[in-house]
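Let's take a quick tour of this protein chain, one topic at a time. Have the structure open as you read.

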Amino acid sequence: MTTWRLLPDDGERDPRRNLAREEAMARHVAADPAAATPVLRLWRNDRAVVIGRFQLGAAEVDLAAAAALGAPVLRRFTGGGTVWHDPGNLNVSVVVRPADALLAGDPALRRL
């Protein structure tokens with residue numbers, strides 16, 4: 001059985017800080033062979049529009065509407081689509097090393 005590290009919502013709502021934490025967590029697990037424990041983090045943001053690594057903000061977002069709502073347009077370090085964030089959305093980050101037994105049994109899971 002795999003033991004997971006749970007990082008529950010700590011009340012931080014700054015989207016820049018939360019996205020930086022998500023990236024730091026993933027880079028730490030990827031870089032440190034000793035960080036073998038999978039991590040599950042639950043978190044929420046204040047208003048923001050989060051775009052994927054390869055997206056163009058001007059093509060994906062009505063920038064004037066985002067500004068009128070006081071919602072910064074931010075880029076996450078991973079791919080994926082554009083997502084509206086606010087305190088009503090629960091974000092879930094899952095960080096697992098590619099060599100983890102959880103993924104070894106089903107290589108298709110590595111694409112998640």
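Start with strand S6, residues 91-95: Asn91, Ser93 and Val95 sit on its covered face, while Val92 and Val94 make up the uncovered one. Keep in mind that you're looking at a predicted model.

- S6 pairs with strand S2 (residues 39-43) in the antiparallel sense, over five bridges.
- In that pairing, Asn91 of S6 has Trp43 standing opposite.
- S2 also pairs with S1, this time in the parallel sense and over three bridges.
- Look for Arg5 here: its bridge partner in S2 is Val39.
- Put together, the three strands form an open sheet with mixed pairing, in the order S1-S2-S6.
- S1 (5-7) and S6 are the edge strands, each pairing on one side only.
- From one strand to the next, the twist averages 15°.

**The helix on the sheet**
- Helix H1, residues 15-31, packs on the sheet and touches S1, S2 and S6.
- The direction of H1 makes about 180° with that of S2.

**The whole chain**
- Overall, you can find four helices and six strands in the protein chain.
- Starting at the N terminus, the elements run β-α-β-β-α-α-β-β-β-α.
- The C-alpha trace spans about 50 × 30 × 20 Å along its principal axes.
- Of the 112 residues, 30% are buried.
- The accessible surface comes to about 7100 Å², and carbon and sulfur atoms account for 57% of that.
- As for charges, there are 15 positive and 13 negative ones, and their mean positions are 3 Å apart.

Note on methods
Residues numbered from 1 in each chain as written. Predicted model: local features only at pLDDT ≥ 70, side-chain atom pairs only at ≥ 80, totals over all residues. Heavy atoms only, no water. Buried < 20%, exposed > 50% of the residue type's maximum accessible area, 1.4 Å probe, protein only. Helix = DSSP H or I, 4+ residues; strand = E, 2+ residues; numbered from the N terminus. Pairing = 2+ DSSP bridges. Axes fitted to C-alpha atoms, helices over the stretch in contact; angles between N-to-C directions. Contact = heavy atoms within 4.5 Å. Areas by Shrake-Rupley, 256 points an atom, 1.4 Å probe, with all protein chains shown as cover. Lys, Arg positive; Asp, Glu negative; His and termini not counted. Charge placed at Lys NZ, Arg CZ, Asp CG, Glu CD.
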